[in-house]
Amino acid sequence: MFNVQDIRNDFPILSRKVNGKPLVYFDNAATSQTPQQVIDAIVDYYSNYNANIHRGVHTLSQEATDLYEQARKKIQAHFNAKFSHEIVLTSGTTHSINLVANGFSSILKKGDEIIVSALEHHSNIVPWQMLCEQTGAVLKVIPMNEDGALIMDDYDNLLSKNTKLVFVNHISNALGTINPIEYIIEKAHQVGAAVLIDGAQACPHIKPDVQALDVDFYVASAHKMCGPTGVGMLYGKEEWLNKLPPYQGGGEMIAEVTFEKTTYADLPHKFEAGTPNIAGGIVFGAAIDYMNSIGFDVIATYENDLLDYATEKLLQIEGLKIYGTSKSKTSVISFNLENIHPYDIGTILDKLGIAVRTGHHCAQPIMDFYCIPGTVRASFSFYNTKEEIDALVEGVKKAKMMLS
Ligand SMILES: *Cc1c(COP(=O)(O)O)cnc(C)c1O
């Protein structure tokens, strides 16, 4: 186990006050906070290496290129991809998903089927709807149960030889449910479908092994795992990335250009048009180093303990209901108080310095399922403490008193 106070000292923002109270940051599922090691890496890049990459013969450009490509190798090692060119650096999960969706628009035909899950983030629903409109493919949805878990029997029945792509998040950002992706991938492959897993919410808690999973595509954002905003990754199996057409045209992604014809660069550059977020990519590597220096086993054990503690304490408040009660879940608690709008609770908690998210969490279909406008979501990270959870529980009690 680690000393959480030592960890907290790595995060300058955790010592600031909000509305005169010590900040309690429980909005980790929206974005994580940034440790000094990562902030230093940003400063180091702009202080010492700033240059455009893959172009210059000059020293700075070569050094920046080396750092960027080293970061790609770090990401490759972290996700256990077979080749570093299977890692495409993007602006984030949303960009990665759109890149794949765009690629499939040239592969899918009328009558083909795409399966998504009822637990998806809007960024995972809308691109597929757009793709279906373009291609005449049909969108099917794996339903969920009251606990917020996907119903695997229904998934089995949705699969057929028409299924071309299955798209599911690894962990639901709205409820914290950990989905049985091993099963989902294996079953999809039995009918010849490709699988894209959205790991945006999983990667802060779990270290996925893309080869062991045998997944075709896996995507994540750096800003949910202690890195900067505006950078993320797409892992794609080499054969799939070769099959998909480029997403954007521009510099960096070409081999040769004439007005008659352009040939594309090799992987991964085919998908990296234009000047990328160079500092972001390099610092994504630093964020991965930071999280690995703590260790994902240690992180998971600690966060599960926080989850159990918070669940027990919150459920002692009469009229409080937790949404997402699957046994397999991570440190996210979505809840409501009877007859009180989540927004009002969030506002009172903010006055007490406690940052939670309220609303539909970009997952309106889940809210529709429960017939609620939204929830209050408290999401915990390894730098949170039980004392902070006590403050949340007191805050919720206070909100209940003031609002009912
Ligand atoms: C945050 C999140 C996204 C979107 O990530 P961006 O970084 O905004 O592109 C997609 N899916 C899930 C499950 C998420 O938690």
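How many residues of domain 1 are in contact with residues of domain 2? In contact, meaning with heavy atoms within 4.5 Å, are 35 residues of domain 1 and 35 residues of domain 2.

This is a predicted model, in which local features need pLDDT of at least 70 and side-chain atom pairs count only at pLDDT 80 or more, while totals for chains, interfaces and linings use all residues. Residues are numbered from 1 along each chain as its sequence is written, and side-chain values use heavy atoms, with hydrogens and water left out.

**Domains**

The protein chain consists of domain 1 (4–30 + 295–403) and domain 2 (39–293), with bounds from an automatic or database domain assignment. Taken over C-alpha atoms, the centres of domain 1 and domain 2 are 28 Å apart.

**Ligand site**

The table gives distances from an oxygen atom of the ligand to an N or O atom in a side chain.

| Side chain | Distance |
|---|---|
| Thr94 | 2.5 Å |
| Gln201 | 2.6 Å |
| Lys224 | 2.7 Å |

Of the 390 Å² of accessible area that the ligand has on its own, the protein covers 85%; accessible areas come from the Shrake-Rupley method with a 1.4 Å probe.

**Lining of the largest cavity**

A cavity is a set of points, on a 1 Å grid over the protein atoms alone, where a 1.4 Å probe fits but cannot get out; lining residues have an atom within 4 Å of a point. The largest cavity is lined by 16 residues, and Asn28, Pro204, His205, Lys224 and Ser381 lie nearest its centre. Its lining draws at least three residues from each of domain 1 and domain 2.

Definitions and conventions. Polar contact = N/O pair within 3.5 Å; in protein donor to acceptor, adjacent residues only side chain to side chain. 1 Å grid on protein atoms, 1.4 Å probe; cavity = no way out; pocket = protein on both sides within 12 Å on 5 of 7 lines; lining within 4 Å.
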